[in-house]
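This briefing covers selected features of one protein chain, grouped by topic. Please keep the sequence and the structure at hand while reading.

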Amino acid sequence: MQIVNVILQPTNAEGRLAKYFIDNYLDKALNLKLPNIKASFTDDQTIYASGFRLFDLTVSEDANNNGQLRVYQQKTTPEQILASVANKMRTILLSSTSLNPSPLGNFDLNWVKNNIVNFLEIPTKLQEVLDLENRKRNQLIKSKVKIDTRLTGKNLMISGQTFSQALATLLRDENHLEPTELQLERILNKYPARLIANRVSNGLDPDAPFLCEAERQDADSKISNTHFNFERKIRLLSAIINFLQLNQKNSTNNAFIIYTNAIIRIDELNWLKEAIEILNIPFPDDLFKVISSQNRQEIEDVKETWGKGKFQIMLTNKQALGRGTNLQYLLDKDYYQKHSHDFAIIDQRFVNLNEPFIDIAGIYIESLTHMFENPNNNGTQDLDDFKIRAGHIIYEQFELYDSNQTNLSFRDVRTRLQKYFGKISGNGMWDLLPAQDALAAELEQITGRLCRTNIKNKEMLIQYDYNFVNKIDWDYLSHKRTNVLIEDLIEQNKNRLSSNPKYQDRLATIKEKQELALINSGAVFLAKRAYKLRSLSETMQYQWVEMREWIVKHPRISTLSKIPDHLRKTVEGFYYRLSKPDAKYYYYHDQEEDPDFKNVLLIDSEQGKAQQKLDYLKSQKQVPINAQLTSLNLEKYAKYLDKIFKQNSWIKQALLREKYDLDFSKKSQWLLTPAAFNNLYKAAISEEIFALICQKYHLDFHEMRELSQNEFERFDGFLKLNDQRILYVDMKNYDSRRTTVLAKDVEKHIQNKLNESTGNAAVIINFYEFEKENAYRNSGIRNEINEKKIYYYPHLFRHNGEIDNALLQDLLDKVVRNDTSKK
């Protein structure tokens, strides 16, 4: 509902921004609803297009062997909804984390882009202007505000400490305190029993060994959790003390927020207060305000407290404080005037001193254990809530698979889901870059709430759990426009950044995987759907013909805008974008195992890079050691067409009149994919030229569009014989190596199609004699044509480009002559 409200009731600022984009970028680019052709002519099996259905079967190990079956299903996805909205109206996506490549907690924008008719991105020059303005803004803030960025609790990574030593070291290093042994003992003795394994009463032994993260890897899970929780709680204690110390230094630093991984419970709050009191640090009675849900009124109450200059810490988590929640608050006018010297004005142009809005003075962000909560319906969790969380986690795992940003296999996804549902142990996530990117985006969104106003405290304290350092994709953060707080965090962690090329290579790898996924998805469609076109309506069959006719006229294009709107998203998937204009590219697939080009393993416009990729696949034993690159070279391919045109100039002139692109020497940005070129273009160009020959010699030929609906695409058309019988035509465009085994490879398939059709016989005609010497010989129609018999011709054109006279004479002898053929 929040999203709908934003769409239907934009603020004045949002309205002005929308008008700017519409006037400057969207006015002449109206989005159109996807045509029906899209729905039938795709083969998108991703979770984004198809949703999911997961069966969870549990059998109890009791005497009755009772079982429980749960089915989780989601058919409509957020990506579907966004694409649907964007195809029906102008849609503007605006977010500081919009360039986040991760699909976790985000739309998979790569899928959305590929399913929107018109997609526009902010031009590079405008992006550069925004980058420059953002740098100026960040620098201006830094010049007026002291930003104190801290990673809290590094000493807790040290092994060999007791509980007392770990706490003492933390308080000394982070808070500059020197607690006595008695103080440490009292604090540890009051530690909540609920957080201690196998304990019914409060208290930790000060002299017991504290297990740091590395030491607890092999420990019992309950013991490990005890030490993990202790580490988190004393980090939290240290962060709170820092806020109190900053307030003692300057009372105008009074507004703070803490993001925890889970909502803090009452026994933990009591322990935190007792510990602070034992350390003799004064604090107000209403030190904490816990926000456990998106309760707007409670949030406003905290802001009102801050606005009066009173100290308070908001304790919350990312689930409780939604993305749309603003944390800036209205400072009491009289209070501001009295303490104005303690505040910095960033940009006077945007300040109204009668309503002095201010950002909070500090934040502590606890490290996340996981991006989404694990579902665990043990009877205490609401079933509806459990189902929502379970659905979220299922969706997340398939996103990791379908986004092409990981090397996870389908089996890996299944294993990860088993882990989440407690079927097997383990729950690894942070080794995956999409999770690290999502966490980085989460930090951007959280810290961005402290960067919105032009009045700020002159000192800000930004604290992060030290455990963040190995869970963040630092390279993602450092290569994008971001806020001043994240910029300062990056500055302190330059040693964690990789070189620029490494990060760019990673982005290029993601892009390449996505391109391959699209290329192979299009090939799967061609292989599967082309055989099912007879079940489509006549209108849809006509659209299929129209798509083929457009492709055969455009083996290369300079820009996708050349594609007609009603074919845009269908045809677009059959083109590969080269890194620079050319007439060729290189790829690899296993021709024997993959004749339909459904599993192209690499593709690149540069031969050297393509060879490097192939060598890598060889080293990984993913391809045979003798594997060789294949090139799609339009100029080289066109040599046999040039021979044909030289001997039959009338064919070329007829094709040019119909606006066929026949200049293959020109370089272009987009070339047909391997599947589209080999399975669409080569077939369609041979069919078109055969139709022209029939027209020239007045042979009664009927094209594919004239086949009956239930015979559509079984053959490429039919000839009417002198005895009024039907002879189907199936054009092939095979090289000599394949024509020599033509009968063996296709006879059974063609025979099955012929037996299911109403016509009498079929003739297979290969387009060109690619080699002069060809062992394959005619088995043509010179003699009688028998019922349900298949006949063969190895070439329509001889090696020198001349029409095969034997084939032509056979056709002239057997086929009805009239003037109603094509053109």
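Phe163 is buried, at a relative accessible area of 5%; buried means under 20% relative accessible area, exposed over 50%, and partly exposed in between, with a 1.4 Å probe and protein chains only. The model is a predicted one, in which local features need pLDDT of at least 70 and side-chain atom pairs count only at pLDDT 80 or more, while totals for chains, interfaces and linings use all residues. Residues are numbered from 1 along each chain as its sequence is written, and side-chain values use heavy atoms, with hydrogens and water left out.

**Overall make-up**

- The protein has 28 helices and 25 strands; these are DSSP runs numbered from the N terminus, with helices (H or I) of at least four residues and strands (E) of at least two.
- Of its 823 residues, 51% count as buried.
- Among the contacts with a separation of 6 or more, 74% come from residues 24 or more positions apart; contact means heavy atoms within 4.5 Å.

**Aromatic residues**

- The structure holds 23 aromatic pairs. Rings of Phe, Tyr and Trp (its six-membered ring) pair if their centres lie within 6.5 Å, and planes under 30 degrees apart count as stacked, over 60 as edge-to-face and the rest as tilted.
- Phe163 and Phe210 form a tilted pair, with 6.0 Å centre to centre and 55 degrees between the planes.
- Phe163 lies in helix 8 (residues 163–175) and Phe210 in strand 5 (residues 209–210), so this pair ties together parts that are 47 residues apart in sequence. Both Phe163 and Phe210 are buried.
- Phe163 also forms an edge-to-face pair with Phe230, at 4.9 Å centre to centre and 90 degrees between the planes. This second pair links distant parts of the chain, with Phe163 in helix 8 and Phe230 in helix 10, 67 residues apart.
- Phe230 is buried, with a relative accessible area of 0%.
- One aromatic cluster is formed by Tyr637, Tyr640, Phe677, Tyr681, Phe767, Tyr768 and Phe797.

- Thr162 is in strand 4 (residues 161–162) and counts as buried at 18% relative accessibility.
- The side chain of Thr162 reaches the backbone oxygen of Pro206 at 3.4 Å. Not counting residues up to four places away in sequence, Thr162 touches Pro206, Asp207, Ala208, Pro209 and Phe210.
- Asn242 is in helix 10 (residues 221–249) and counts as buried at 4% relative accessibility.
- The Asn242 side chain makes a polar contact with the side chain of Arg150 at 3.1 Å. A polar contact is a pair of N or O atoms within 3.5 Å; within protein, one must be able to donate a hydrogen and the other to accept it, and residues adjacent in sequence count only if both atoms are side-chain atoms.
- Residues up to four places away in sequence aside, Asn242 touches Arg150, Glu174, Asn175, Leu461 and Gln463.

**Packing of helix 20 against helix 25**

- The axes of helix 20 (residues 538–553) and helix 25 (residues 674–696) come within 9 Å and cross at roughly 90 degrees. Axes are lines fitted to C-alpha atoms, for helices over the stretch in contact, and angles run from 0 to 180 degrees between N-to-C directions.
- Helix 20 and helix 25 are therefore roughly perpendicular to each other; this label covers angles of 65 to 115 degrees, with under 35 roughly parallel, over 145 roughly antiparallel and the rest oblique.
- On the helix 20 side, Trp544, Arg548, Ile551 and Val552 meet Leu680, Tyr681, Ala683, Ala684, Ile685 and Glu687 in helix 25.
- The residues of this contact divide into 8 nonpolar, no polar and 2 charged. Ala, Val, Leu, Ile, Met, Phe, Trp, Tyr, Cys and Pro count as nonpolar, Asp, Glu, Lys and Arg as charged, and the others, Gly among them, as polar.

**Loop residues**

- Most residues other than glycine have a negative phi.
- His176 has a positive phi of about 60 degrees although it is not a glycine. His176 lies in the loop between helix 8 and helix 9 (181–189) and counts as exposed at 66% relative accessibility.
- His698 has a positive phi near 55 degrees. His698 is in the loop between helix 25 and strand 21 (701–703) and is partly exposed, with a relative accessible area of 35%.
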